[in-house]
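This report is meant for a reader who is meeting this structure for the first time.

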Amino acid sequence: NAPLTDTSNRIPGGGLVANVEDVARFASALQRGLLVKPETLQTALTPQKLRGGRATGYGLGWVVGRRGTRREAYHVGGQPQVSSVLYMQPEAGVAVAILANLEGVENALLDLARQAAGLVAP
């Protein structure tokens, strides 16, 4: 069992309480331009560059890249007792949200989200 953890000092960086429907609605609203302008989301999903010009593979809060022929963006999170992933294929309008009552399984959740999005075989 994980120890009781006070996450009140982590709001908004992980101390929010949400369910998987909340996270899926968030992704849908992002992709439909209801939360931020589409241009703003594009900026967030654009790999930032180092001073030398090399792309980092990280946007503004999102890991971004390509998987097969599709562009992907995702954010994983975890703290004691929980792990989560929000995975998107922006051009396809695909979003997969997975929350787990397990800690340290973010990479497994990312693999599962990719499977659910139809990118890799189980």
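## Sheet, helices and salt bridges

In this predicted model, helix 3, which spans residues 106-116, lies across strand 1, strand 2, strand 3 and strand 4, and helix 3 runs at about 35° to strand 3. The sheet that these strands form is an open one, made of four strands in the order 1-2-3-4 with antiparallel pairing. Strand 1 (63-67) and strand 4 (94-100) stand at the edges of the sheet, and because each has a single partner strand, one side of each is left without a neighbour in the sheet. From one strand to the next, the twist averages 20°. Helix 1, residues 20-31, also packs on the sheet, where helix 1 touches strand 3 and strand 4, and its direction makes about 155° with that of strand 4.

The pairing can be followed strand by strand. Strand 1 and strand 2 are joined in the antiparallel sense by five bridges, and along this pair Arg-66 stands opposite Arg-71 in strand 2. The hairpin of strand 1 and strand 2 has two residues between the strands, and in this hairpin Gly-68 takes a positive phi near 65°. Strand 2, residues 70-79, then runs antiparallel to strand 3, residues 82-89, with seven bridges between them. Here His-75 stands opposite Leu-86 in strand 3, and Val-76 stands opposite Val-85 in strand 3. Strand 2 and strand 3 also form a hairpin, again with two residues between the strands, and Gln-81 in the turn has a positive phi of about 90°.

| Pair | N to O separation |
|---|---|
| Glu-21 and Arg-25 | 4.0 Å |
| Asp-22 and Arg-25 | 2.7 Å |
| Glu-72 and Arg-114 | 2.7 Å |

Are Glu-72 and Arg-114 buried or exposed? Both Glu-72 and Arg-114 are buried; for Arg-114 the relative accessible area is 8%, so Arg-114 falls under the 20% that sets the limit for a buried residue.

The other two pairs in the table belong to helix 1. Glu-21 and Arg-25 both lie in helix 1, four residues apart, which is about one turn of the helix, and Asp-22 and Arg-25, likewise both in helix 1, are three residues apart, also about one turn. Salt bridges that share partners join Glu-21, Asp-22 and Arg-25 into one network. Asp-22, at 32% relative accessibility, counts as partly exposed.

Methods
Residues are numbered from 1 along each chain as its sequence is written. This is a predicted model: local features need pLDDT of at least 70, side-chain atom pairs count only at pLDDT 80 or more; totals for chains, interfaces and linings use all residues. Side-chain values use heavy atoms; hydrogens and water are left out. Two strands pair if DSSP finds at least two bridges between them. Axes are lines fitted to C-alpha atoms, for helices over the stretch in contact, and angles run from 0 to 180 degrees between N-to-C directions. Contact means heavy atoms within 4.5 Å. A salt bridge is a side-chain nitrogen of Lys or Arg within 4 Å of a carboxyl oxygen of Asp or Glu. Buried means under 20% relative accessible area, exposed over 50%, partly exposed in between (1.4 Å probe, protein chains only).
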